[in-house]
Amino acid sequence: MTATFCEYKPGLEGIPATKSSISHVDGNQGILEYRGIDIKELAEKGSFLETSYLLIWGKLPSQEELREFEIDILFHRRIKYRIRDMMKCFPESGHPMDALQTSAAALGLFYSRRALDDPEYIRKAVVRLMAKIPTMVAAFHQMRKGNDAIKPNDELNYAANFLYMLTEKEPDPIAAKVFDVCLTLHAEHTINASTFSAMVTASTLTDPYGVVASAVGTLAGPLHGGANEEVLLMLEEIGSVANVRPFVEEHIAKKKRIMGFGHRVYKVKDPRATILQELAEKLFSSMGYDRYYDIALELERLVSEKLAHKGIYPNVDFYSGLVYRKLGIPTDLFTPIFAIARVAGWLAHWKEQLAVNRIFRPTQVYAGKHNAPYIPIAER
Ligand code: SDX
């Protein structure tokens, strides 16, 4: 069945692709809710694993349920030696998102049974992916420096352990808490490109490792999760507050995108950007100031002055990089960190899709020719 041209929306803008109860965004009010709970509540009072449990299993866990989930994940943090050996062959110049996509897909080689109707298989896959993705990101970071992967530290919680695996130093408790909140903020965001990618892949009934590998590949793009890395590179390129105005004016004149701004849904400041800005300021007061923050503030002021009429405001990627930089995290790990958090949302949508599955197969508006002749190559 071919659609009519008027039904076609580039990028499926505004077209519902599913019915979901996982999260809700009000782009005009700047509201984000996970299972009905405002993101500000979860960022302030919850933890990333508690929020992941809420997203994936649909309810806030009891103390016992949360403890069980935390221990389950702790026991599954390590990755198979064959995957570590495979990662040692990756070029050190490769992007960590490509390393993550490859190693996430490789997990599927060890768990290839697709028992999607077995709740224990589903539960195990959720735990394995939540537990191993951070270890794989940190392992590649060590290996590309010629080191062995740092073993997970079972004394540390989820967020602190990841920072530990990057540096082999136990992180400052404030830094670990700030990082945990960043993971909560990035965990889920309705039907964004990488979540949609996960849903389409899930709808073919393939395994969850392939679903996550699809989503990682989608998240990597600079218009999506890759923007946080681009923002830091942009702030470094601007270099001073005085250079902000010429930078903005040149980008607008040439209709070039300013990274970290704009959103398909938010037409006001992304509520996550507001919380990340507060976290950045908290870190600066405890760990020292970051001169790029002044540039970021001036950039936000000028872009809002010139583009607010188009609904262009900071999105989640604008301040996250400043937080990660202050935590000593290398710029090219910013998007893999986005992936670590978003695995929770992808798995929640994977489960929701399986519950009412119908394979995604949209239609098109055909714009090509009909009855075209085959011209022999000698005559072309
Ligand atoms: C994420 O979907 C999600 O929920 C994603 C996410 C999540 O949690 O999963 O929130 C995470 O991906 C955040 C977005 C990160 N990307 C960036 O920061 C890259 C820069 N942003 C843009 O590329 C853009 O804003 C998008 C891709 C985010 C949204 O693009 P849309 O909705 O397709 O907007 P559009 O291309 O239709 O632009 C509308 C107008 C255009 O101007 P006109 O042609 O109408 O004159 O706004 C302009 C655009 O030129 N515009 C920008 C701009 N973004 C849009 N102008 C300058 N700088 C920008 N960043």
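**Entry 1: a glutamate**

I started with Glu188, which is buried (under 20% relative accessible area, with a 1.4 Å probe and protein chains only). Glu188 has no salt bridge, meaning a side-chain nitrogen of Lys or Arg within 4 Å of a carboxyl oxygen of Asp or Glu. The nearest side chain of opposite charge is Arg342, 5.4 Å away; Lys and Arg count as positive, Asp and Glu as negative, and His and the chain ends are not counted.

A note on my source: this is a predicted model, where local features need pLDDT of at least 70 and side-chain atom pairs count only at pLDDT 80 or more, while totals for chains, interfaces and linings use all residues. Residues are numbered from 1 along each chain as its sequence is written, and side-chain values use heavy atoms, with hydrogens and water left out.

Where does Glu188 lie? I found Glu188 in the loop between helix H8 (173–185) and helix H9 (193–202); helices are DSSP runs (H or I, at least four residues) numbered from the N terminus. Leaving aside neighbours within four places in sequence, Glu188 is in contact (heavy atoms within 4.5 Å) with residues including Ile22, Tyr34, Leu55, Arg342 and His349.

**Entry 2: H7 and H8**

Next I looked at H8 and helix H7 (residues 158–167), which pack at an angle of about 110° with their axes 8 Å apart. Axes are lines fitted to C-alpha atoms over the stretch in contact, and angles run from 0 to 180 degrees between N-to-C directions. H7 and H8 are therefore roughly perpendicular (65 to 115 degrees) to each other. Tyr158, Ala159, Ala160, Phe162 and Leu163 of H7 make the contact with Ala175, Ala176, Phe179, Asp180 and Leu183 of H8. I sorted these residues into nine nonpolar, no polar and one charged.

How many residues of H7 are buried? I counted nine of its ten. The buried residues of H7 pack against H2, H3, helix H6 (119–143), H8 and helix H16 (334–355).

**Entry 3: Leu183**

I then picked out Leu183 in helix H8. Leu183 is buried, with a relative accessible area of 1%. Not counting residues up to four places away in sequence, Leu183 touches Phe48, Tyr158, Ala159, Ile337, Ile340 and Ala341.

**Entry 4: H2 and H3**

Last, I checked helix H2 (residues 48–57) and helix H3 (residues 63–75), whose axes come within 10 Å and cross at roughly 100°. H2 and H3 are therefore roughly perpendicular to each other. On the H2 side I noted Leu49, Glu50, Ser52, Tyr53 and Trp57, which meet Glu65, Leu66, Phe69, Glu70 and Ile73 in H3.

Notes
Helix = DSSP H or I, 4+ residues; strand = E, 2+ residues; numbered from the N terminus. Parallel < 35°, antiparallel > 145°, perpendicular 65-115°, else oblique. Buried < 20%, exposed > 50% of the residue type's maximum accessible area, 1.4 Å probe, protein only. Nonpolar A, V, L, I, M, F, W, Y, C, P; charged D, E, K, R; others polar.
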